There are 2 protein chains.
Amino acid sequence: MPAPHLDLIAIPGSLRAGSLNRALARALPELCPDDTGLEVVGLRDIPLYDGDRDTDENRPPPVEALKDRIRESDGVILVSPEYNHGVPGVLKNALDWVSRPSYRSPMAQKPCGLMGAAPGGSGTMRAQQHLKVILLGMAAQVFPHPGVAVSRARDKIRDGRLADEDTREFVAAYLADFASWVRRVSAT
Amino acid sequence: MPAPHLDLIAIPGSLRAGSLNRALARALPELCPDDTGLEVVGLRDIPLYDGDRDTDENRPPPVEALKDRIRESDGVILVSPEYNHGVPGVLKNALDWVSRPSYRSPMAQKPCGLMGAAPGGSGTMRAQQHLKVILLGMAAQVFPHPGVAVSRARDKIRDGRLADEDTREFVAAYLADFASWVRRVSAT
């Protein structure tokens, strides 16, 4: 019996058109294993979190759409740069919205993986450390893996395409492991 | 010779009208020591960080105003809730804007203090831990102090006012120590 189809989403943490992390996210669908689909979902329309608007009557429609998309997905991969040794506010802001209500949100028990690309040597690892704490803080399941940290990424991503073959193989292996883990830990 | 006047700002990490942290920030001016002024500066008009808009031609005016206000201030106090064991995206997003250009931003060498109020027991300490790493990541000076963590804050902040006398005394002592430290470490 074949494994059931997996529906994954990837969320880039940057809004910049030429972002290395958006390019990395765009490479994921073609590197996924068989029976696994992946859609890149952006954050441009998610407004600043405001608890006064976080009600069923007032919640912004783009937030509702993101929550629905996460809820129906089998797993989420955050593909994020590191800003100031931490998580981009743009990404944390979206996570703040989708993490409500606490422990009963679409993120609760959701299998999550981490990736990042950076021009320098650290390859976003400090942001990923913060994200692990944050994701577990909203009761998401965090893929127990060092993560994908594409350092010196301007050498590997050219003209908006992940060109480096070693990195493509590493990312493809990560995605295969992630998909296998998602199937194992999913509630259904 | 009297000490020179200090001009501090406090930035709340929440946009919610009834926020405990906004109430804590509003209490600060009257708890400051002599010769120290403090203005509360909100983040509602700061858009999502977008590197493509972070140019002298395209930078949003509210971002420029915040950078100017930080630059002219003698010190900054972040008064923030903790969301998902981390920093609210709203606050991190503003820090991402004002931290540019790296190491030459208005935040570089700026003396910074941390405070937070929370309904529960941890009193925002996990967010403050992340903020220390983040602030040092943008070369700000971080006040070497455990910080102000107002736990069980709904008992202490009533009708939008910091009412608890012990907490008022603790915060006033913190502000006096902070002001003394700011005078010591300021470049001028």
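**Notes on the predicted model**

1. Helix α3 of chain A (residues 89-98) is largely enclosed by the rest of the structure, because ten of its ten residues are buried. The model is a predicted one. The buried residues of α3(A) are A:G89, A:V90, A:L91, A:K92, A:N93, A:A94, A:L95, A:D96, A:W97 and A:V98.

2. Along with A:L135, B:L95 and B:L135, A:L95 is among the residues with the most contacts inside the largest nonpolar core, which has 60 residues. Neighbours within four places in sequence aside, A:L95 is in contact with A:L78, A:M107, A:L131, A:I134, A:L135 and A:M138, and also with B:N84 of the other chain. As general background, nonpolar side chains in soluble globular proteins tend to be buried together.

3. Of the area that chain B buries against chain A, 26% comes from B:L48, B:N84 and B:H130, more than from any other three residues. The contact involves 31 residues from chain A and 31 residues from chain B.

4. Polar and charged links also cross this interface. The rule finds two salt bridges between chain B and chain A; a salt bridge joins the side chains of B:R44 and A:D50, at 3.3 Å from N to O. Residue pairs in polar contact across the interface number 14, with both residues at pLDDT 80 or more.

5. Which helices of chain B each supply at least two residues of the side that touches chain A? They are α3 (89-98) and α4 (125-137). The most is given by α3(B), with six residues. By residue class, the side of chain B that touches chain A divides into 15 nonpolar, nine polar and seven charged residues.

6. Finally, a loop residue of chain B may be examined. B:S80 is located in the loop between β3 (75-79) and α3 of chain B. Is B:S80 buried or exposed? With a relative accessible area of 2%, B:S80 is buried. Not counting residues up to four places away in sequence, B:S80 touches B:G13, B:N21, B:P88, B:L91, B:M115, B:G116, B:A117, B:T124 and B:L131.

Terms used. Residues are numbered from 1 along each chain as its sequence is written. Chains are lettered from A and ligands numbered from 1 in the order in which they are written. This is a predicted model: local features need pLDDT of at least 70, side-chain atom pairs count only at pLDDT 80 or more; totals for chains, interfaces and linings use all residues. Side-chain values use heavy atoms; hydrogens and water are left out. A nonpolar core is a set of buried Ala, Val, Leu, Ile, Met, Phe, Trp, Tyr and Cys residues joined through side-chain atoms within 4.5 Å. Buried means under 20% relative accessible area, exposed over 50%, partly exposed in between (1.4 Å probe, protein chains only). Contact means heavy atoms within 4.5 Å. Buried area is the accessible area (1.4 Å probe) that two parts lose on being put together, summed over both. A salt bridge is a side-chain nitrogen of Lys or Arg within 4 Å of a carboxyl oxygen of Asp or Glu. A polar contact is a pair of N or O atoms within 3.5 Å; within protein, one must be able to donate a hydrogen and the other to accept it, and residues adjacent in sequence count only if both atoms are side-chain atoms. Helices (H or I, at least four residues) and strands (E, at least two) are DSSP runs, numbered from the N terminus. Ala, Val, Leu, Ile, Met, Phe, Trp, Tyr, Cys and Pro count as nonpolar, Asp, Glu, Lys and Arg as charged, and the others, Gly among them, as polar.
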